[in-house]
Amino acid sequence: MLRIPCPWCGLRDETEFRYRGDATRTRPAADEGPEAFAAYVYERDNPLGWHVEWWLHVAGCRQLLRVVRHTVTHEIRSVSDAAEAATATTGRAR
Ligand SMILES: [Zn+2]
């Protein structure tokens, strides 16, 4: 079983979380057209190796987390709060 170290609650079973998708995808701008938005909504990669994902701790603190996980071994390299991850990426607090 996958166990995720939540920064707020500690090490927890995967059953307490809900996978919320690929954290590397960015929503297209409105002027990019319907094809870009359809690709954003429906097209998914199936990466082999390290992957950045969103996980929601639904049975715990209910925080959205940014998890770096290996898709084969399920080893977790890092877990951070989504707001901190957004601040680190954009330089702006949400
Ligand atoms: Zn938590």
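Arg3 and Asp13 bring their side chains together in a salt bridge, at 2.5 Å from N to O. This is a predicted model, so take that distance as computed. The pair links distant parts of the chain, with Arg3 in strand S1 and Asp13 in strand S2, 10 residues apart. How exposed is Arg3? Arg3 counts as partly exposed, at 41% relative accessibility. Asp13 is partly exposed too, at 26%.

S1 covers residues 3-6 and S2 covers residues 10-13; they run antiparallel and are joined by 4 bridges. A hairpin of 3 residues takes the chain from S1 to S2, and Cys6 has Gly10 in S2 as its bridge partner.

A search of the whole structure turns up 2 salt bridges. Here they are together:

| Salt bridge | N to O distance |
|---|---|
| Arg3 – Asp13 | 2.5 Å |
| Arg69 – Glu53 | 2.7 Å |

For Arg69 and Glu53, the strands involved are S5 and S4 respectively, so this pair ties together parts that are 16 residues apart in sequence. Are these residues buried or exposed? Arg69 is buried, and so is Glu53.

Now for the sheet that holds S4 and S5. It is an open sheet of 4 strands in the order S3-S4-S5-S6, with antiparallel pairing. S3 (18-22) and S6 (76-81) are the edge strands, each pairing on one side only. From one strand to the next, the twist averages 30 degrees.

Thr71 is partly exposed, with a relative accessible area of 21%. Which residues does Thr71 touch? Leaving aside residues up to four places away in sequence, the contacts are Pro47, Leu48, Gly49 and His51. The C-alpha atoms of Thr71 and Val52 are separated by 9.8 Å, with the two residues 19 apart along the chain.

Finally, the surface. Phe37, Val41 and Tyr42 make a nonpolar patch of about 320 Å². Tyr42 belongs to helix H1, which spans residues 34-42. Tyr42 has a relative accessible area of 69%, so this residue counts as exposed.

Note on methods. Residues numbered from 1 in each chain as written. Predicted model: local features only at pLDDT ≥ 70, side-chain atom pairs only at ≥ 80, totals over all residues. Heavy atoms only, no water. Pairing = 2+ DSSP bridges. Helix = DSSP H or I, 4+ residues; strand = E, 2+ residues; numbered from the N terminus. Axes fitted to C-alpha atoms, helices over the stretch in contact; angles between N-to-C directions. Patch = residues over 30% accessible without salt bridge, like charges linked within 9 Å, V, L, I, M, F, W, Y side chains within 5 Å. Areas by Shrake-Rupley, 256 points an atom, 1.4 Å probe, with all protein chains shown as cover. Salt bridge = Lys/Arg side-chain N within 4 Å of Asp/Glu carboxyl O. Buried < 20%, exposed > 50% of the residue type's maximum accessible area, 1.4 Å probe, protein only. Contact = heavy atoms within 4.5 Å.
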